[in-house]
Amino acid sequence: MKKMIAGLSVLLVIAGCGGPGVDRSDSLIVIDAGHGGHDSGALCEGSKEKDLVLQITKKLYKEFKNEGYRVHLTRSSDKFLKLGQRTRIADHKDAKVFISIHANAIGDKSRFSQVEGVETYFLQKTRDEKSQRIAARENASVLQGTDKLSKDVIIDAVLNGPKIIQSHKLAIDVQNNMIKNLNSKYKGVKDGGVRPAPFYVLVGASRPSILVEVGYITNPKERQRLFTSGYQEEITEGIVEGVNQYLDNRKKEVGF
Ligand SMILES: [Zn+2]
């Protein structure tokens, strides 16, 4: 029996994965590793957000390729990108989704051990203070050189667009699958939920777009896990399964 199962899985791999009969080759996925170069992102105990998100992004590249997708990365090395460079590639005409990968941090040292968890964001204005605070931190580096009026114009241009509903759905599928996978192997991974927030890196992208905060590098337990290959693989698989689920449902919705 074991032999048969092994044989079956080999067949599935040869068939291109993604389930029998699923051809993903018409779908381009754009993955954006946050920060890079002089912009380290969040820092804690020598660990840098820019390094962590690049490691996860490289795993995502492989996994999406295995599923048969075409994949573009906004960066595959330690370099800084301007906001326009990040989103221009996401606007490639047949890109299906844009996923920006980040890691979270808090400033209050006395709460480092308490604040943890995985969160997924989609672009929308919000009054929620926590979401605003996280967006402000992530926005600081990508907004260098952009004046206030331009910021307001670009964000207003997309805030009521049809992509919000799709981005929200994508965020839910990705978040649920990440949490399911992580909690199947690790104890007590906190589900920080799906939240709206005004992240500028999502503004220029006219595809369903989400920003994943994979965990808090200021939390000692989570930081240690985040830099292990096993934990990164559960995050990666969760994101890929979430995208599969979203796109499969989308196909059913539009009726083909
Ligand atoms: Zn970040």
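This is a predicted model: local features need pLDDT of at least 70, side-chain atom pairs count only at pLDDT 80 or more; totals for chains, interfaces and linings use all residues.
**Entry 1**

I began with strand β1 (residues 28-33) and found it joined to strand β5 (residues 95-104) by 6 bridges, the two running parallel. Isoleucine 31 sits opposite isoleucine 99 of β5. Two strands count as paired if DSSP finds at least two bridges between them. Strands (E, at least two residues) and helices (H or I, at least four) are DSSP runs, numbered from the N terminus.

Residues are numbered from 1 along each chain as its sequence is written, and side-chain values use heavy atoms, with hydrogens and water left out.

**Entry 1: the whole chain and its sheet**

I looked up the chain next and noted 8 helices and 8 strands. Of its 256 residues, 48% count as buried, where buried means under 20% relative accessible area, exposed over 50%, and partly exposed in between (1.4 Å probe, protein chains only).

What is the order of the strands in the open sheet of 6? I read β4-β1-β5-β8-β6-β7, with mixed pairing. Neighbouring strands here are turned by 20° against each other on average, direction ignored.

**Entry 2: helices on the sheet**

I saw that α6 packs on the sheet and touches β5, β6, β7 and β8; contact means heavy atoms within 4.5 Å. The direction of α6 makes about 170° with that of β6. α8 also packs on the sheet, touching β1, β5 and β8, and its direction makes about 150° with that of β5. Axes are lines fitted to C-alpha atoms, for helices over the stretch in contact, and angles run from 0 to 180 degrees between N-to-C directions.

The axes of α6 (residues 163-185) and α8 (residues 229-254) come within 7 Å and cross at roughly 140°. The residues of this contact divide into 9 nonpolar, 8 polar and 9 charged. For these classes, Ala, Val, Leu, Ile, Met, Phe, Trp, Tyr, Cys and Pro are nonpolar, Asp, Glu, Lys and Arg are charged, and the others, Gly among them, are polar.

**Entry 3: strand β6**

Is β6 (residues 118-123) buried or exposed? I found 6 of its 6 residues buried, so the rest of the structure largely encloses this strand. Val118, Thr120 and Phe122 point one way, and Glu119, Tyr121 and Leu123 the other.

With β8 (residues 209-216), β6 pairs in the antiparallel sense over 4 bridges; threonine 120 has valine 212 as its partner in β8.

Serine 131 belongs to helix α4 (residues 129-142) and is buried, at 0% relative accessible area. Beyond its neighbours within four places in sequence, serine 131 contacts Tyr121, Thr126, Arg195, Pro196 and Ala197.

I also checked phi. Most residues other than glycine have a negative phi. Histidine 35 has a positive one, near 60°, and so does glutamate 45, at about 50°. Histidine 35 lies in the loop between β1 and β2 (43-44) and is buried at 4%. Glutamate 45 lies in the loop between β2 and β3 (47-48) and is exposed at 70%.
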